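Take a minute with the sequence and the fold below. Then read on for a quick tour.

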Amino acid sequence: MSMRSGKPMTTQSKSLFDQFLAPLFGQLMDKEELLRVRNSIDWDAETGAIANPHVTYPDYYQTSRFHGIDNGYLNIDAAITYDPITQYVLPPGETWVRESLVNAIQGSPRRILDVGCGTGTTTLMLKRRFPQTEVVGLDLSPHMLVMAQRKARDARLDVTFCHGDAMATGLDEDSFDVVCATLLFHETPPSVAKAILRESFRVMRPGGQILLLDGNQQTLRTVDWLNTIFEEPFIREYGQGNVDAWLGHAGFETVRTEAIFWLNQLSTAQKPLPVSAAVTTSHGQSSTSDDLPMTAAPA
Ligand SMILES: C[S@@+](CC[C@H](N)C(=O)[O-])C[C@H]1O[C@@H](n2cnc3c(N)ncnc32)[C@H](O)[C@@H]1O
């Protein structure tokens with residue numbers, strides 16, 4: 001979607017998205033307000049402040065035209081148009097769809113990591129729901145993170161946003177109770193999604209929970225036009241894949257996926273607790289030290 005004034009971005013192809021959706025979204029968006037936001041930000045200073053100079057961008061990320069936008073998410077226009085467009089593409093309603101993930105979190109986590117957090121919409125919902133929790137959002141796009149930080153500041157929510165690759169976060173292992181991602185995996189090659197799951201497993205404490213809200217893979221396999229309409233370079237590969245299997249391969253257990261309306265799905269799983277000592281009870285049943293009574297010593 002090109003902003004027609006200010007610093008324009010260029011699009012080259014005449015895809016379904018360019019022909020139909022871009023003009024439609026163009027009508028729905030308040031362009032003057034977007035330009036006001038765009039011009040109110042010192043992008044060089046703000047992206048420079050959040051960008052981690054040690055981050056290297058994976059090839060798929062630098063070369064793909066996500067949503068038909070040159071430079072994908074490394075582009076100011078992608079960052080400022082993201083929220084105004086996203087509100088229209090999550091039926092039956094953006095907040096309802098995102099809440100399915102927030103509502104599925106078990107217990108009261110101490111630390112939550114939201115990978116591929118983008119402009120931070122889910123990240124802020126997590127902080128609102130768990131005000132005592134340390135919530136961290138991580139994304140590869142400094143531009144998206146600038147928008148996320150502004151939203152957090154406006155909402156007076158204390159959330160940490162960091163620039164990084166979800167495949168190699170550099171965060172401590174076993175340090176988060178919950179890792180989640182919304183709308184991330186349909187934007188990555190499956191090999192990247194799998195690498196992100198391995199890294200999520202590493203940074204999550206044993207017993208921790210992972211939650212993935214994304215496109216409904218079954219629907220994508222059966223409704224072909226969904227794979228072309230949004231100009232998502234990897235959505236077809238994503239739809240052919242199986243998040244449940246990917247979670248299992250990464251080491252997660254109790255894997256479950258449910259449909260969220262017909263367009264999205266929510267997958268949840270847990271990192272197994274360590275089996276510290278397998279013992280045999282007096283009845284000959286196998287057990288572990290985790291489920292032994294506190295006072296009884298095995299014979
Ligand atoms: C469709 S947006 C989703 C943003 C946000 N989670 C939401 O629900 O609105 C996908 C985001 O994933 C980010 N992303 C893609 N690959 C990534 C990676 N390897 N590491 C971190 N972020 C990544 C993009 O920069 C983009 O902000």
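Buried residues make up 36% of the 299 residues in the chain; a residue is buried if 20 or more other C-beta atoms (placed from the backbone) lie within 10 Å of its own, exposed if 12 or fewer, and partly exposed in between. Keep in mind that this is a predicted model: local features need pLDDT of at least 70, side-chain atom pairs count only at pLDDT 80 or more, and totals for chains, interfaces and linings use all residues. Residues are numbered from 1 along each chain as its sequence is written.

**The overall build**
- The chain has 13 helices and nine strands, which are DSSP runs numbered from the N terminus (H or I over at least four residues for helices, E over at least two for strands).
- Among contacts with a separation of 6 or more, 71% link residues 24 or more positions apart; a contact means that two C-beta atoms, placed from the backbone, lie within 7 Å.

**The sheet**
- Strands of a sheet pair through backbone hydrogen bonds, either parallel or antiparallel.
- Here, seven strands line up as S3-S2-S1-S4-S5-S7-S6 in an open sheet with mixed pairing; two strands pair if DSSP finds at least two bridges between them.
- Its edge strands, S3 (160–163) and S6 (253–260), each pair on one side only.
- Neighbouring strands are turned by 15° against each other on average, direction ignored; angles run from 0 to 180 degrees between N-to-C directions, with axes fitted to C-alpha atoms, for helices over the stretch in contact.
- S6 pairs with S7 (residues 264–270) in the antiparallel sense over six bridges, and Ile260 sits opposite Asn264.
- Helix H8 (residues 142–154) lies across S2 and S3, at about 170° to S3.

**Strand S1 and its partners**
- S1 (residues 111–115) is largely enclosed by the rest of the structure, because four of its five residues are buried.
- S1 pairs with S2 (residues 134–139) in the parallel sense over five bridges, and it runs parallel to S4 (residues 176–182), joined by three bridges.
- Asp114 stands opposite Gly137 in S2 and has Cys180 as its bridge partner in S4.
- S1, helix H7 (residues 121–129) and S2 make a right-handed β-α-β unit: with the strands pointing away from you, the path from the first strand over the helix to the second runs clockwise.

**Around the ligand**
- Of the 22 residues around the ligand, Gly116, Gly118, Ser141, Ala166 and Thr182 come nearest; a residue counts as near if its C-beta atom, placed from the backbone, lies within 6 Å.
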